[in-house]
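I opened my notebook to look up a few things in this model. Here is what I wrote down.

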Amino acid sequence: MEEKLPKSLKNLDLNTNRVPKNKILVSAYLSSSRMSPLKSKPPSLVSLCLGVIGKHLEEMIPCLAEISVIFPADIKMSITAIARRRKLLDDDVIISLADSSWEILDVSGSDVTNSGLAKVAEMCKSLRAVDISRCNKISSMGVLELVQHCRSLETLRCGGCPSSESTARRSLSFFKPNLSNGEGETWEEIDTSEIGHGGQSLRWLVWPRIDKDSLEMLSLECPRIVVNPKPSLVAYRADEVPREALPDVAVDEPCVKDIDPKTWVVTGVVQKPTSFLLCNELPIAEKFRLAFAERDARLAPKRAKNARQRQRRAERDWMMSSDEAKAMVLASKATRSLHKS
């Protein structure tokens, strides 16, 4: 080995603290000598086990609710990410794996419905980033449940297919500031549930195909929400875009970064691209049904409040129109004052 070394390398002084010029020659020689590169870090035992579980996930789904109790929260998250990639994620799977400590949720392109999303939002109230893009079974009612239960929600990803685009447009009203309802007669008649209603903590909205009208509405009425944010090299720390708000990165990517991608490759099935998929359009009848159900749920509190107001007005009218009623009211007030004294 020493005979093959150049003369300049033999005269290399290794005892001095200064860095000699011919150190560059050493690096060049070592890089040109075809020495074996450093081996990549092998996968952990946990990642290998998750890969085996993922390949046989279909067999585990019937008893997933029983065995998932012993899994830590991060393992449940990884299994959820694998199930989503294998097109196995639905209400039963996500509810079986949901953990109260979760802060992110990625159900994009899955069969999760409003019911499943509402149940998970009720269990995982600390969610700060959620991806519901390309979910044709989630409507604005599911988004309403999400923002009502998850008060720390900062990032929401939506759109990607006609149904999800429609859901995003119908859900914009949930993000508007709503401090009071002007239809009440007095401040005392406003229900406390109507104050601060909606996704008041939302900061980042990832909606790649947002229409012009929706974008203008958000800019005027919800200036705190940044639509389709882009990372900035000069942004202050408070304005840094979180990883979950970058459209080119999957929200659950860190959960499967050490797992072999072959785990979720199904033989004989062509994997669809993960961005901008077009789902089947909903039938007209289903659209009308969803619109009626959403309108009915949205107007239910208003109807109840109007009924209370009509009842109070009827009581006041009855009291003013009858001397006997006035006497009864005055007697009741006198009785209360005597008890207080």
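First, some terms: helices (H or I, at least four residues) and strands (E, at least two) are DSSP runs, numbered from the N terminus. The expected span of a helix is 1.5 Å times one less than its number of residues.

This is a predicted model, where local features need pLDDT of at least 70, side-chain atom pairs count only at pLDDT 80 or more, and totals for chains, interfaces and linings use all residues. Residues are numbered from 1 along each chain as its sequence is written, and side-chain values use heavy atoms, with hydrogens and water left out.

**Helix α6**
I looked up α6, which runs over residues 73-85. Its 13 residues reach 19 Å from first C-alpha to last, close to the 18 Å expected. Just after α6, Lys87 has a positive phi of about 60 degrees.

**The sheet**
I noted an open sheet of 5 strands, ordered β1-β2-β3-β4-β5, with parallel pairing (at least two DSSP bridges between two strands). β1 and β5 are the edge strands, each pairing on one side only. β4 and β5 pair over 2 bridges, and Leu205 has Val227 in β5 as its bridge partner.

**Charges over rings**
Here NZ of Lys or CZ of Arg must be within 6 Å of the ring centre and within 35 degrees of the ring normal. Arg85 lies over the face of Trp264, 5.5 Å from the ring centre. Arg203 has its charged end over the ring of Trp204, at 4.8 Å from the centre.
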